[in-house]
Amino acid sequence: MEVLKAENLIKIYGKGENQVKALNGVSLSVEKGEFVAVVGTSGSGKSTLLHMLGGLDRPDSGKVYVDGKDIFSLKEEALTIFRRRKIGFVFQAYNLVPVLSVYENVVLPVELDGKKADREFVQEILDTLGIREKERNLPGQLSGGQQQRAAIARALAAKPAILLCDEPTGNLDSCTSQDVLGLLKVSGQKFAQTIVMITHNEEIAQMADRIIRIEDGRILSAGERGLV
């Protein structure tokens, strides 16, 4: 079942001689429960693509469907609410609030949506990610790997259909990167999330179910479903 679909996305930055086509007719689809890695060099358009898929930026033309909904048909406020409820984001910069504890950071998006956090579910996530004992700590008291795990927990807490991860291991050493990606994959399977991860690291990409390659704003290959 298709949960995420992009149709002919075009995004242009600058004008005249300085014009850059960050995305040049990108189309792709992701099935429910898939773990997809989008691989490309710096400047290939992969982060721009992720921002479009998550509704963080609007394309100049083209459409994105999440659970069959054309997200760019929504007005800004409705898009913000839809994004908060359907999509979890994990960025290279952890974006944790320094004055809030790990637990408070994790439940923040849920509470911003006016809902009460499912404490049992949140603690199950923290257990899965190995940071349950750190839930009262401030971000500054955590290692880089622990902060990234807290960021992943925050993305999972609202039970989104889709997780979008932008270079989630970019600030971590190789051993911690493998650990975090393994946990991301396990938690995605355990909590029935679809994961799209941007990376330039081929070794990390091999952990995904499918690899999509992008270069110069175009999809070079979309991989084969069912192959690791």
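An open sheet of 4 strands has the order 2-1-4-5, with antiparallel pairing; strands pair if DSSP finds at least two bridges between them. Strand 2 (20–31) and strand 5 (69–70) are the edge strands, each with a single partner, so one side of each has no neighbour in the sheet. This is a predicted model, in which local features need pLDDT of at least 70, side-chain atom pairs count only at pLDDT 80 or more, and totals for chains, interfaces and linings use all residues. Residues are numbered from 1 along each chain as its sequence is written, and side-chain values use heavy atoms, leaving out hydrogens and water. Helices (H or I, at least four residues) and strands (E, at least two) are DSSP runs, numbered from the N terminus.

**Confidence**

- pLDDT is the predictor's confidence in each residue, from 0 to 100.
- The chain has a mean pLDDT of 88, and 98% of its residues reach 70 or more.
- Confidence is highest in strand 4, at a mean of 95, and lowest in helix 6, at 79.

- Strand 4 (residues 61–66) pairs with strand 5 in the antiparallel sense, over 2 bridges.
- Tyrosine 65 has aspartate 70, in strand 5, as its bridge partner.
- Aspartate 70 is buried yet has no salt bridge. Buried means under 20% relative accessible area, exposed means over 50%, and partly exposed lies in between (1.4 Å probe, protein chains only).
- The nearest side chain of opposite charge to aspartate 70 is lysine 63, 4.2 Å away. In this count Lys and Arg are positive and Asp and Glu negative, while His and the chain ends are not counted.
- Leaving aside neighbours within four places in sequence, aspartate 70 is in contact (heavy atoms within 4.5 Å) with Lys63, Val64 and Tyr65.

**Other strand pairings**

- Strand 3 and strand 9 (residues 210–215) run parallel and pair over 4 bridges. Here valine 36 stands opposite arginine 210 of strand 9.
- Strand 9 also joins strand 10 (residues 218–221), in the antiparallel sense, through 3 bridges. Arginine 213 has serine 221, in strand 10, as its bridge partner.
- The hairpin of strand 9 and strand 10 has 2 residues between the strands, and aspartate 216 there takes a positive phi near 50°.
- Strand 6 (residues 87–91) has 4 of its 5 residues buried, so it is largely enclosed by the rest of the structure.
- Strand 6 pairs with strand 7 in the parallel sense over 5 bridges. Isoleucine 87 has isoleucine 162, in strand 7, as its bridge partner.

**Helix 6**

- The 17 residues of helix 6 should span 24 Å at 1.5 Å a residue, and the end C-alpha atoms are 24 Å apart, which agrees. The expected span is 1.5 Å times one less than the number of residues.
- The buried residues of helix 6 are Thr176, Ser177, Val180, Leu181, Leu183, Leu184, Lys185, Ser187 and Gly188.
- These buried residues pack against strand 3 (35–39), helix 4, helix 5, strand 7 (162–166), strand 8 (194–199) and helix 7 (202–205).
- Just after helix 6, alanine 192 has a positive phi of about 60°.

**Salt bridges**

- Side chains of opposite charge can pair when their charged atoms come close.
- A salt bridge here is a side-chain nitrogen of Lys or Arg within 4 Å of a carboxyl oxygen of Asp or Glu. By this rule the count is 14 salt bridges.
- Glutamate 135 and arginine 119 form one of them, at 3.0 Å from N to O. Glutamate 135 lies in the loop between helix 4 (119–128) and helix 5 (144–157) and arginine 119 in helix 4, so the pair ties together parts 16 residues apart in sequence.
- Glutamate 135 is buried, at 11% relative accessibility, whereas arginine 119 is partly exposed, at 39%.
- Glutamate 124 and lysine 190 form a salt bridge at 3.5 Å, N to O. The pair links distant parts of the chain, with glutamate 124 in helix 4 and lysine 190 in helix 6 (residues 174–190), 66 residues apart.
- Glutamate 124 is partly exposed, at 32% relative accessibility. Lysine 190 is partly exposed, with a relative accessible area of 46%.
- Aspartate 127 meets arginine 132 in a salt bridge at 2.9 Å, N to O. Aspartate 127 is partly exposed, at 45%, and arginine 132 is partly exposed, at 32%.
- Salt bridges with shared partners join Arg84, Arg85, Asp113 and Lys115 into one network.
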